[in-house]
Amino acid sequence: MTDDRADPKLAPGVLGAAAWLMGREGEGDANLLQRAYVTGLLRKSGAGGLWKCDGSLLKRLVRHRVRSGKLPKCGAVLIGIGEMIALSHADEDEIESILGRLFRRSYPETTRLRFLRQALDVVRPKKIVPRSSSSTLYEKDELSIMDWKQITFADRWMRHPEPLSSVFGYGLRLIVRVLLRNDPARLRWFVSEADKRGLLTATISAVGEACYWNEKTAKQAFKSGVPLFVGFGVVSTGAEF
């Protein structure tokens with residue numbers, strides 16, 4: 001089986017992201033890939049190695065496209081950018097801040113929701129993967145209940161994080177971080193959409209990871225309206241509850 005990390009054509013959304021970043025939407029895959037190599041946005045892997053992305057160029061292109069008002073037409077672009085960040089030395093905080101404009105004011109509401117649904121569809125598993133944890137807190141209805149179970153579960157999770165499976169890629173992580181930073185109240189809706197696609201556990205893990213590594217992001221979780229995510233914020237920041 002070919003590892004998608006060794007071939008950018010196989011990584012979710014990468015070619016779509018490259019097309020948007022280079023202003024080449026509608027161009028064929030082979031031409032897109034060649035152009036990405038020529039510009040230096042992507043670099044070919046060595047024998048059996050991983051493809052790479054130029055993080056500095058990625059940041060410049062994201063900034064240029066967002067400022068130009070040339071908004072991506074499909075949510076797969078965000079997934080692809082997440083994959084590119086993972087295989088580069090990009091300034092994640094800066095890119096997430098730039099992309100946040102898409103959620104604050106650039107899109108009409110219906111377009112924004114469709115965009116996020118499209119992104120989830122790109123990474124949804126072809127076959128629903130059983131939860132690795134038996135905790136009922138990984139069930140959508142339980143997420144809406146605020147009691148001490150949420151806080152104690154969040155505390156245990158932060159002490160022993162459950163890493164997000166690589167099967168979902170890095171794009172989901174990116175979307176969760178962008179939402180936490182720029183539109184945390186939308187996470188309640190996003191969780192519901194993720195659950196419909198078998199991505200609830202992955203989304204919870206992505207939020208937990210984001211809060212674990214960044215206290216500023218963790219504070220944003222207080223505004224999510226999702227009790228478990230509030231719990232992640234409380235535990236990560238040491239806030240009194």
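How many helices and strands does the secondary structure of the protein come to? The secondary structure comes to 14 helices and two strands, where helices (H or I, at least four residues) and strands (E, at least two) are DSSP runs numbered from the N terminus. This is a predicted model, in which local features need pLDDT of at least 70 and side-chain atom pairs count only at pLDDT 80 or more, while totals for chains, interfaces and linings use all residues. Residues are numbered from 1 along each chain as its sequence is written, and side-chain values use heavy atoms, with hydrogens and water left out.

**Figure 1. The protein as a whole.** Of the 241 residues, 50% count as buried, a term that means under 20% relative accessible area, with exposed over 50% and partly exposed in between (1.4 Å probe, protein chains only). The accessible surface comes to about 11,800 Å², of which 50% belongs to carbon and sulfur atoms; accessible areas come from the Shrake-Rupley method with a 1.4 Å probe, and for residues only the protein chains shown count as cover. Among contacts with a separation of 6 or more, 71% are accounted for by residues 24 or more positions apart, contact meaning heavy atoms within 4.5 Å.

**Figure 2. Helix H1 and its cover.** Helix H1 (residues 14-22) is mostly covered, with eight of its nine residues buried, namely Val 14, Leu 15, Ala 17, Ala 18, Ala 19, Trp 20, Leu 21 and Met 22. The cover over these buried residues includes helix H2 (29-39), strand E1 (42-43), helix H3 (55-68) and H4. After H1 comes Gly 23, which has a positive phi, near 70 degrees.

**Figure 3. Helix H1 against helix H4.** H1 and H4 pack at an angle of about 100 degrees, with their axes 7 Å apart; axes are lines fitted to C-alpha atoms, for helices over the stretch in contact, and angles run from 0 to 180 degrees between N-to-C directions. H1 is therefore roughly perpendicular to H4, given that angles under 35 degrees count as roughly parallel, over 145 as roughly antiparallel, 65 to 115 as roughly perpendicular and the rest as oblique. H1 contributes Val 14, Gly 16, Ala 17, Ala 18, Trp 20 and Leu 21 to the contact, and H4 contributes Val 77, Gly 80, Ile 81, Glu 83 and Met 84. By class, the contact of H1 with H4 has eight nonpolar, two polar and one charged residues, where Ala, Val, Leu, Ile, Met, Phe, Trp, Tyr, Cys and Pro count as nonpolar, Asp, Glu, Lys and Arg as charged, and the others, Gly among them, as polar.

**Figure 4. Helix H4 against helix H7.** H4 and helix H7 (residues 109-123) pack at an angle of about 55 degrees, with their axes 7 Å apart, and are therefore oblique to each other. Ala 76, Leu 78 and Ile 79 of H4 meet Phe 115, Ala 119, Val 122 and Val 123 of H7 in this contact, which by class has seven nonpolar, no polar and no charged residues.

**Figure 5. Helix H4 against helix H10, with Gly 171.** Helix H4 (residues 76-86) and helix H10 (residues 171-182) pack at an angle of about 105 degrees, with their axes 7 Å apart, and the two are therefore roughly perpendicular to each other. From H4 the contact involves Leu 78, Ile 79, Ile 81, Gly 82, Glu 83 and Ile 85, and from H10 it involves Gly 171, Leu 172, Leu 174 and Ile 175; these residues divide into seven nonpolar, two polar and one charged. Gly 171, found in helix H10, counts as buried at 0% relative accessibility. Leaving aside neighbours within four places in sequence, Gly 171 is in contact with Leu 78, Ile 79, Gly 82 and Glu 83. Gly 171 and Val 77 are 94 residues apart in sequence and 9.0 Å apart in space, C-alpha to C-alpha.

Figure 6. Thr 217 lies in helix H13 and is buried, with a relative accessible area of 7%; neighbours within four places in sequence aside, Thr 217 is in contact with Leu 180, Arg 181 and Ala 210. Ser 224 is placed in the loop between helix H13 (215-220) and helix H14 (227-237), where this serine is buried, with a relative accessible area of 2%. Not counting residues up to four places away in sequence, Ser 224 touches Pro 184, Ala 185, Leu 187, Arg 188, Phe 229 and Val 230. Ser 224 and Pro 184 are 40 residues apart in sequence and 4.6 Å apart in space, C-alpha to C-alpha.
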